[in-house]
Each structure stands twice: as structure tokens, then as C-alpha cells.
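Trainee: I have a new structure to look at. Can we walk through it together?

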Amino acid sequence: MKRKKPLLEVKHVGKWYMEEFKKIIVIKDITFEVKEGEFVCLVGPTDCGKSTLLRIIAGIDASTSGKILYRGEEVKGINLKTALIFQTFALLPWLTVLQNICVGLEARGVPYEEAITKAEKYIDKVGLEGFEEAYPRELSRGTKQRVGLARALVVEPELLLMDEPFAALDVLTAENLREEIIDLWQDKSLPLKSIVMVTHSIEEAVYMADKIVVISERPGKVIAEVPVKVKRPREKRDKELLKITDEIYSMIL
């Protein structure tokens, strides 16, 4: 039987730049795959290049070596099948919630009425009803991140990229959003297939992911790929999850 191509292939990707005549290597020879229907987390020390790698996957940044394949085709430029959620929300302060969510659709040339209809659908999906005319300054951190989530989902990506999406949130809000994102990923009515998430929290990665890609200190390279084969819904104190958490800590510390 012919093997189905992965949704995403990261092949020997590296990134470096020059600073005061010195070559700074951010990531080096990174290789891994993301299958359709898979939730993958990238973990590693601060400044190991995880966020850089995420931007390269999205096509926002370019690698200096290696390549990114999406459904078997090399990615050159912005990958319109992806959407990226930022840690810092990145909302435009002069636009309302509804307008912020429509930004990506407008950039893709979607007609106004169609954009509004789609935005309203995802406002409902992420629980933002009643906030449509609010401005970012009027929102809590959790609500701002819901706007970021709706803005990412409204362009209907197959691959959702998330860069530390819960780092700026309080514990309870982060807990609720984790569960909601898993529910949205498992919602078969959405085009969303897979998720790649960067996180500093090993516990968070083990709880959410099907596979964890462990990255070393700079220059970042893959130390290991750790599968998480625990069925969902998961319990955080599950013995197998705790065992995997300890295993990953031992690789990084």
C-alpha cells in the first residue's frame, strides 16, 4: 500500500544570520513530520528557535537551508493553508473585534458580506458573542486571545500554528482555552486538520499533543520525537502522562 504523504514535512531546516561579522545559528538541520489529524508540540529551552521555526513553517520567514513541504509540495512564500496565533495577541487597536477577525479575509480578497458571515460563524464558535463592536483595549487577555483564535480560524486553515498561546493568560483562562482548542481541532465540521504548537510547558505539551518534538539549546536541533499515545479525554495525573513528562524533562535539563 502506498504511504500517504504527511500534511507537513520539515526537512533539514536551518536558520542563521550575521551579527557584527559573526554568524549566529538559530536552528540547525531540523527534520520532522506532521500527519493529517495530528497535534504536535515543539518544546525546548528559551531562545532555541521554536518561534523562528513556526514562522518558517507559515512562510512568514525564510530558512537559510532545508525546505518545508506541504502535502508534498515545497512551500515558497506564505502558506495560505496555515494560520498563526501569537502569544502577544497582535490585535489592531483601532479596529473592533469583528473588524480584527475580518482582517485576514480582507487580505485574501474575500468580499465584505462573505467576510462578515464567516466572522460571525467563528465568533460563535469561540464564544465571543456580544463583543463584536468592542475594541482591544476593552478586552481581558483571555478575550483578546479568543479574538486571535477566531481570526486564525476564520481563514479556515488546515494547519493551525500556535506560538505560546496561553503564556500571557491566567491559569483558569488558559485551562479553559486549552480544552476549547482541543474541541475545535476535533470538530469534523471545520477544515482544521492538524495543529503545531510551541510551548515552554512540558506538562501542557504532554497533556495536549499526540507527538512532542524536543529541541535542544541554540542552535536548536531535534533531540527526540516523543509520541503520546494516551486516549482522550485525558486526566492530567494519568501515570503514563507523568512518565512522559519526566522523560522529556530529563532530556532538556
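Mentor: Start with the largest cavity, which has a volume of about 40 Å³. A cavity is a set of points on a 1 Å grid over the protein atoms alone where a 1.4 Å probe fits but cannot get out, while a pocket is an open set with protein on both sides within 12 Å along at least five of seven lines; lining residues have an atom within 4 Å of a point. Grid points are joined across faces, edges and corners, and a volume is the space filled by probe spheres set on the points. This is a predicted model, where local features need pLDDT of at least 70 and side-chain atom pairs count only at pLDDT 80 or more, but totals for chains, interfaces and linings use all residues. Residues are numbered from 1 along each chain as its sequence is written, and side-chain values use heavy atoms, with hydrogens and water left out.

Trainee: Which residues line the largest cavity?

Mentor: The lining is I85, Q145, L149, M162, P165, F166, L177 and I181. Helices α4 and α5 each supply at least two of the lining residues. Helices (H or I, at least four residues) and strands (E, at least two) are DSSP runs, numbered from the N terminus.

Trainee: How many cavities of 30 Å³ or more does a search of the whole structure find?

Mentor: The search finds one.

Trainee: And what about the largest pocket, how much space lies in it?

Mentor: About 410 Å³. Its lining has 17 residues, and T82, A83, L84, G104 and R108 are the ones nearest the centre. At least two lining residues come from each of β6 (82-85), α2 and α4.

Trainee: Which residues of α2 are buried?

Mentor: V97, L98, N100, I101, C102, G104 and L105. Buried means under 20% relative accessible area, exposed over 50%, partly exposed in between (1.4 Å probe, protein chains only). Their cover includes α3 and α4. After α2 comes G109, with a positive phi near 80°.

Trainee: Now α3, which residues are buried there?

Mentor: In α3, the buried ones are A115, I116, A119, Y122 and I123. They sit on the same side of α3 because they cover an arc of only 135° around the axis. That arc is taken from the directions from the helix axis to the C-beta atoms.

Trainee: Why do residues three or four places apart point the same way?

Mentor: An α-helix has 3.6 residues a turn, so residues at that spacing point the same way.

Trainee: What does the other face of α3 carry?

Mentor: The face turned away from the buried side has the exposed residues E113 and T117. The buried residues of α3 are covered by elements including α2 (97-107) and α4 (141-153).

Trainee: Changing topic: which residues touch the most other members in the largest nonpolar core?

Mentor: F39, I101, L149, L160, I195, I212 and I248, out of 58 residues. Helix α5 (residues 171-185) gives the largest share, six residues. A nonpolar core is a set of buried Ala, Val, Leu, Ile, Met, Phe, Trp, Tyr and Cys residues joined through side-chain atoms within 4.5 Å.

Trainee: Last one: is E204 buried or exposed?

Mentor: E204 counts as buried because its relative accessibility is 9%. E204 lies in helix α6 (residues 202-208). Leaving out residues up to four places away in sequence, E204 touches F166, R178, M197 and T199, where contact means heavy atoms within 4.5 Å.
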